[in-house]
Amino acid sequence: MHSKLDLHKHVSCEDIILQLDQCHNEGILHRYLGGCNKLKNAMNDCLQAEFDVNRKKHFENAKEKRKKLEKAWEGMDE
């Protein structure tokens with residue numbers, strides 16, 4: 001079970017998060033009998049895709065910073 005997800009942090013998954021919240025509010029029996037499982041799996045897939053996009057973006061930023069740092073180190077050695 002996920003903690004309460006902030007919609008402003010997961011804009012691409014907003015629809016699924018709202019649907020899952022609505023499903024959870026339908027009743028405890030509905031939730032425990034697996035009525036929300038498809039939505040939960042869809043949310044997990046959406047969050048994983050979002051995480052993968054962010055990871056790739058952060059990796060590219062780190063590569064750029066590393067190149068700048070190595071260039072600065074070259075200048076220090078000379």
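Asp6 is partly exposed, with a relative accessible area of 35%. Its partner is Lys9: the two residues form a salt bridge, and their closest N and O atoms are 3.7 Å apart. Lys9 itself is exposed, at a relative accessible area of 54%. This is a predicted model.

**Charged pairs**

Side chains of opposite charge can pair when their charged atoms come close. How many salt bridges does the structure hold? There are 4.

| Salt bridge | Closest N and O atoms |
|---|---|
| Lys9 and Asp6 | 3.7 Å |
| Arg55 and Asp52 | 2.5 Å |
| Lys63 and Glu60 | 4.0 Å |

Where do Arg55 and Asp52 sit? Both are in helix α3, which covers residues 37–77. They are 3 residues apart, so about one helical turn separates them. Arg55 is partly exposed, with a relative accessible area of 47%. Asp52 is partly exposed too, at 32%.

Lys63 and Glu60 also lie in helix α3. Their spacing is 3 residues, about one turn of the helix. Lys63 has 39% relative accessibility and counts as partly exposed. Glu60 is partly exposed, with a relative accessible area of 33%.

**The nonpolar core**

In soluble globular proteins, nonpolar side chains tend to be buried together. Which residues make up the largest nonpolar core here? It has 9 residues in all: Leu5, Cys13, Ile17, Leu20, Cys23, Cys36, Met43, Cys46 and Leu47. Helix α1 (14–25) and helix α3 each supply at least two residues of this core.

Leu20 is one of the core residues. What does Leu20 touch, not counting residues up to four places away in sequence? Its contacts are Cys36, Leu39, Lys40 and Met43. Cys36 and Met43 are also listed in the core.

**A nonpolar patch on the surface**

Ile28, Leu29, Tyr32 and Leu33 make a nonpolar surface patch of about 520 Å². Tyr32 belongs to helix α2, residues 28–32. Is Tyr32 buried or exposed? Tyr32 counts as exposed because its relative accessible area is 63%, and the cut-off for exposed is over 50%.

Key
Residues are numbered from 1 along each chain as its sequence is written. This is a predicted model: local features need pLDDT of at least 70, side-chain atom pairs count only at pLDDT 80 or more; totals for chains, interfaces and linings use all residues. Side-chain values use heavy atoms; hydrogens and water are left out. Patches are made of residues with over 30% relative accessible area and no salt bridge: like charges are joined within 9 Å, nonpolar side chains (Val, Leu, Ile, Met, Phe, Trp, Tyr) within 5 Å. Accessible areas come from the Shrake-Rupley method with a 1.4 Å probe; for residues, only the protein chains shown count as cover. A salt bridge is a side-chain nitrogen of Lys or Arg within 4 Å of a carboxyl oxygen of Asp or Glu. Helices (H or I, at least four residues) and strands (E, at least two) are DSSP runs, numbered from the N terminus. Buried means under 20% relative accessible area, exposed over 50%, partly exposed in between (1.4 Å probe, protein chains only). A nonpolar core is a set of buried Ala, Val, Leu, Ile, Met, Phe, Trp, Tyr and Cys residues joined through side-chain atoms within 4.5 Å. Contact means heavy atoms within 4.5 Å.
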